[in-house]
Amino acid sequence: EARRKRNVGPRRLDPTYKSRMPDPLETRLKREAAALGFALSGIAPATDADGFDRYERWLDAGFAGEMSYLHDHREDRRHPCSILKRVRSVLMLGLEYPSHDPPPSDRPLGLVAKYARGPDYHRFTWDRLNALAAWLKREVPGCAAKGVADSAPLLERDFARRAGLGWVGKNTMLIHKHRGSFFFLAGLLTDIPLSPDPPHDGSHCGTCTACLDACPTAAFPEPGVLDARRCISYLTIELRTAVPLELREGIGDRIWGCDVCQDVCPWNRDSAGRPATFPGDPALGTLDPIELLGLSDEAFRKRFRGTVFFRARRSGLLRNAAIVLGNVGDSRAVPALERAANDADEVIADAARWALTRLAARRSRA
């Protein structure tokens, strides 16, 4: 009888024992991430990035263009320990942003990529990552945790796929089967050995080539490979010099970034009606290129400091504005372009002269 009593644990004596046990740390961590606005979360082990060799081949092929910082920090992307020593786990997160387009206008306007229609997404995401890291440190005193969003040398898509968040599509975007691809990726690195989620194996793109066929500048030399030198996002944001002549027409009316390969993706067909955590501002869906051409250095800094547009600097944004005006062909832009053609910044002046030539040719044909 004594042995029988000793073998009866609390689980047999109290049928509510399981319900009173706390959830695993992994479950509570994901729940806290969801409360902070992250629609996707998954855990990956902190080992060498799966696609590091492929990434090196991409760099060696010259596809990074003028993004020299990718070469400078090449080796750092091999393993996340370059960001956090003794890292054991990576919690990958997805933060959705609005994916609807602004209404059409009768004025010449430049289209802004969907992710940029709001506050600086870096700061917005970092604030939530810092809150999540603070929560984890309260739960596990003495642990280390560091949040990263875009600016750290982490191959986010590799770890997101490994964490089960989706697959890398033919347009090189991470695609979730139920959430599409309109979301920011972020990561929380920690030295806690968390239980990983099953990785996402395979692809659901099938024979579809909509993204490859729709790219206005033919930036995909093959499925799953992006030549950034031809990508409109690179040309309008990262490139500091003049846009190559043969690519200017393909930019169309896109003044900042590009969403074409995502817009045509079948996995994004239901994304427009879904609420997003990121606070999009409809007023930032477009920028007036004629107005932009009138901005001085001081006016540019005052208007765009603290936004993603500040990254391209006045030179890049006004260059983009001139190219858009040359493409949309509105004669109301001529006075602004004539002034910009004499700008002290040769990158702006060159784009303005090109736009004036385009407008003149269009008038001549008419």
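How many disulfides does a search of the whole structure find? The search finds 0 disulfides, a disulfide being a pair of cysteine sulfur atoms within 2.5 Å. This is a predicted model: local features need pLDDT of at least 70, side-chain atom pairs count only at pLDDT 80 or more, and totals for chains, interfaces and linings use all residues. Residues are numbered from 1 along each chain as its sequence is written, and side-chain values use heavy atoms, with hydrogens and water left out.

**View A. Cys143 and its closest cysteine sulfur.** The closest cysteine sulfur to that of Cys143 belongs to Cys81. The separation is 18 Å, too far for a bond. Cys143 is buried at a relative accessible area of 12% (buried is under 20%, exposed over 50%, partly exposed in between; 1.4 Å probe, protein chains only).

**View B. Cys208 and Cys211.** Cys208 takes part in no disulfide. The sulfur of Cys211 is the nearest cysteine sulfur, 6.4 Å away. Cys208 is partly exposed, with a relative accessible area of 29%.

**View C. Strand 2, residues 89-96.** Strands (E, at least two residues) are DSSP runs, numbered from the N terminus.

**View D. Partners of strand 2.** Strands pair if DSSP finds at least two bridges between them. Strand 1 (residues 40-45) pairs with strand 2 in the antiparallel sense over 6 bridges. Ala44 has Val90 as its bridge partner. Strand 7 (residues 183-190) also pairs with strand 2 in the antiparallel sense, over 8 bridges. Here Phe183 stands opposite Glu96.

How values were computed
Helix = DSSP H or I, 4+ residues; strand = E, 2+ residues; numbered from the N terminus.
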